[in-house]
Amino acid sequence: ITRESDGAFDIAIAPLTSLWDFTAEDPKAPDDADIQKVLPLCSSDGVTIDGQDITLPSDDIQFDVGAIAKGYIADRLKDFLVKKGVNSAIINLGGNVLCIGSKPNGTPFKIGIQKPFADRNETEAVMDITGKSVVSSGIYERCFKQGGKLYHHILNPQTGYPYENGLISVTIISDQSVDGDALSTTCFALGLEDGLKFAEKKG
């Protein structure tokens with residue numbers, strides 16, 4: 001995904017994400033000088049993968065797999081439950097929902113998409129889902145305001161700051177939750193037009 005999106009989604013973003021603390025009691029944007037210092041490290045260019053062997057071009061390259069971790073975990077939970085004979089279940093990791101089959105009565109699960117900046121119980125839409133993953137990425141979960149400006153956690157590895165493209169949330173329905181996780185972040189990063197094209201290409 002990193003390569004296919006030309007770095008809009010880049011797992012080598014850890015030096016940057018470590019500067020931003022969205023869970024602090026009083027979060028603040030990092031100093032621009034600190035951001036500019038780590039930006040050259042936030043690229044997977046030169047990283048090679050051969051089977052289980054990963055070679056990094058520099059010891060300073062660090063991966064942040066937060067954008068796909070919940071999806072990966074949800075997929076492994078599904079594998080475990082299916083092996084145990086479970087054929088009807090919902091795995092909900094908050095922002096990542098993965099369904100095993102349908103409801104016991106054979107009807108699809110009803111999965112709600114949270115309304116941005118609203119109470120968790122308020123939904124924007126409700127979808128019928130059977131055996132698939134639903135993942136949302138948005139600016140409303142981890143964010144703060146500073147000087148009247150909203151800063152959110154989906155960071156641009158080219159600028160060091162949150163993406164500003166007018167999008168509030170992206171939801172992806174997929175077979176594998178890890179794919180939905182990566183695609184929701186990537187499509188958000190690419191913006192409405194390019195994000196739609198990317199999703200259709202991955203289709």
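Analyst: A residue is called exposed over 50% relative accessible area, buried under 20%, and partly exposed in between, with a 1.4 Å probe and protein chains only. The model is predicted: local features need pLDDT of at least 70 and side-chain atom pairs pLDDT 80 or more, while totals for chains, interfaces and linings use all residues. Residues are numbered from 1 along each chain as its sequence is written, and side-chain values use heavy atoms, without hydrogens and water.

User: Why is Asp 26 called exposed?

Analyst: Asp 26 has a relative accessible area of 55%, and the class begins over 50%, so the term applies.

User: What makes Asp 26 and Lys 28 a salt bridge?

Analyst: The term requires a side-chain nitrogen of Lys or Arg within 4 Å of a carboxyl oxygen of Asp or Glu. The closest N and O atoms of Asp 26 and Lys 28 are 2.7 Å apart, so the pair qualifies.

User: How many salt bridges does this rule give?

Analyst: The count comes to 6. One of them joins the side chains of Glu 4 and Lys 202, at 2.8 Å from N to O. Glu 4 lies in the segment before helix H1 (14-17) and Lys 202 in helix H5 (residues 192-202), so this pair ties together parts 198 residues apart in sequence. Helices here are DSSP runs of H or I with at least four residues, and strands are E runs of at least two, numbered from the N terminus. Glu 4, at 41%, is partly exposed, and Lys 202, at 36%, is partly exposed as well.

User: What do Glu 164 and Lys 149 tie together?

Analyst: Their salt bridge has its closest N and O atoms 3.2 Å apart. Glu 164 is in the loop between E9 and E10 and Lys 149 in strand E9, so the linked parts are 15 residues apart in sequence. Glu 164 is exposed at 65%, whereas Lys 149 is partly exposed at 33%.

User: Why is Asp 75 said to have no salt bridge?

Analyst: The nearest side chain of opposite charge, Arg 76, is 4.9 Å away.

User: Which backbone atom does the side chain of Asp 75 reach?

Analyst: The side chain reaches the backbone nitrogen of Val 178 at 3.0 Å. A polar contact is a pair of N or O atoms within 3.5 Å; within protein, one must be able to donate a hydrogen and the other to accept it, and residues adjacent in sequence count only if both atoms are side-chain atoms.

User: What makes E3 and E10 edge strands?

Analyst: The open sheet of 4 strands has the order E3-E4-E7-E10, with antiparallel pairing. Strand E3 (89-92) and strand E10 (169-174) each have a single partner strand, so one side of each is left without a neighbour in the sheet.

Methods:
Lys and Arg count as positive and Asp and Glu as negative; His and the chain ends are not counted. Two strands pair if DSSP finds at least two bridges between them.
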